Amino acid sequence: MSFALSDASRAAIDREVAKYPEGQAVSAVMAGLRIAQEQNGWLSPEAIEAVALHLNIPPMAAMEVATFYNMYDVKPVGRWKITVCTNLPCALSGGEQAAEYVKEKLGIGFNETTADGRFTLKEGECMGVCGDAPAIIVNNTRLCSWMSREKIDALLDELK
């Protein structure tokens, strides 16, 4: 498997690097990984290495970040990554029930992808909207609050 950062991805990473003092390119590793993931759909070992090489940091430094944070996908995911918060405040406000309902609707468990490759289901930690629980994030970018069964149905219908 091979991976190369596109010109657009390299330029976007360079814009992130420019936000930090000279010699601190490592500070842009999170943004660089996000950009590579947007380009590739997930972070293969080759994509992680490409980011590290572009930032002139050890590949292991980028790998440590990619494997620590749950917003990075180091295995292929479906077109729509659904992350349900099951941290304590959300769990106490229906997060566990919302997660079970999504599992039932999609026919998959956490860390699984539907057979058609459209949905991957993830369990998430705090999303910072405890008062809006239960919460779901779609593809790390779209936060959905107060996710009742009806709202989950509407979301899944919209994403099909």
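The largest cavity has a volume of about 30 Å³. This is a predicted model, and the structure holds 1 cavity of 30 Å³ or more.

**Cavity**
- The lining of the largest cavity includes C85, N87, P89 and C90.
- C126, M127, G128, V129 and C130 also line the largest cavity.
- By class, the lining residues of the largest cavity divide into 7 nonpolar and 2 polar.

**Helix α1**
- Helix α1 spans residues 7–17, and its buried residues are S9, A12, I13 and E16.
- Seen down the helix axis, the buried residues of α1 fall within an arc of 100°, so they line one face of the helix.
- The packing partners of these buried residues are α2 (29–40) and α3 (45–55).
- D7 and R15 are exposed, and they sit on the face of α1 turned away from its buried side.

**Backbone geometry**
- Most residues other than glycine have a negative phi, and most peptide bonds are trans.
- N111 is not a glycine, yet its phi is positive, at about 65°.
- N111 lies in the loop between α6 (95–106) and β2 (112–113).
- N111 counts as exposed because its relative accessibility is 58%, and the cut-off for exposed is over 50%.
- W146 also has a positive phi, near 50°, and is a residue other than glycine.
- The loop that holds W146 runs between β5 (142–144) and α7 (149–159).
- Between A133 and P134 the peptide bond is cis, with omega near -5°.
- P134 has its place in the loop between β3 (119–124) and β4 (136–138).

- T114 is found in the loop between β2 and β3.
- T114 has a relative accessible area of 12% and is therefore buried, as buried means under 20%.
- Leaving aside neighbours within four places in sequence, T114 is in contact with L106, I108 and F119.
- T114 and E158 are 44 residues apart along the chain, and their C-alpha atoms are separated by 16 Å.

How values were computed: Residues numbered from 1 in each chain as written. Predicted model: local features only at pLDDT ≥ 70, side-chain atom pairs only at ≥ 80, totals over all residues. Heavy atoms only, no water. Helix = DSSP H or I, 4+ residues; strand = E, 2+ residues; numbered from the N terminus. Buried < 20%, exposed > 50% of the residue type's maximum accessible area, 1.4 Å probe, protein only. 1 Å grid on protein atoms, 1.4 Å probe; cavity = no way out; pocket = protein on both sides within 12 Å on 5 of 7 lines; lining within 4 Å. Points joined across faces, edges and corners; volume = space filled by probe spheres on them. Nonpolar A, V, L, I, M, F, W, Y, C, P; charged D, E, K, R; others polar. Contact = heavy atoms within 4.5 Å. Arc of directions from axis to C-beta.
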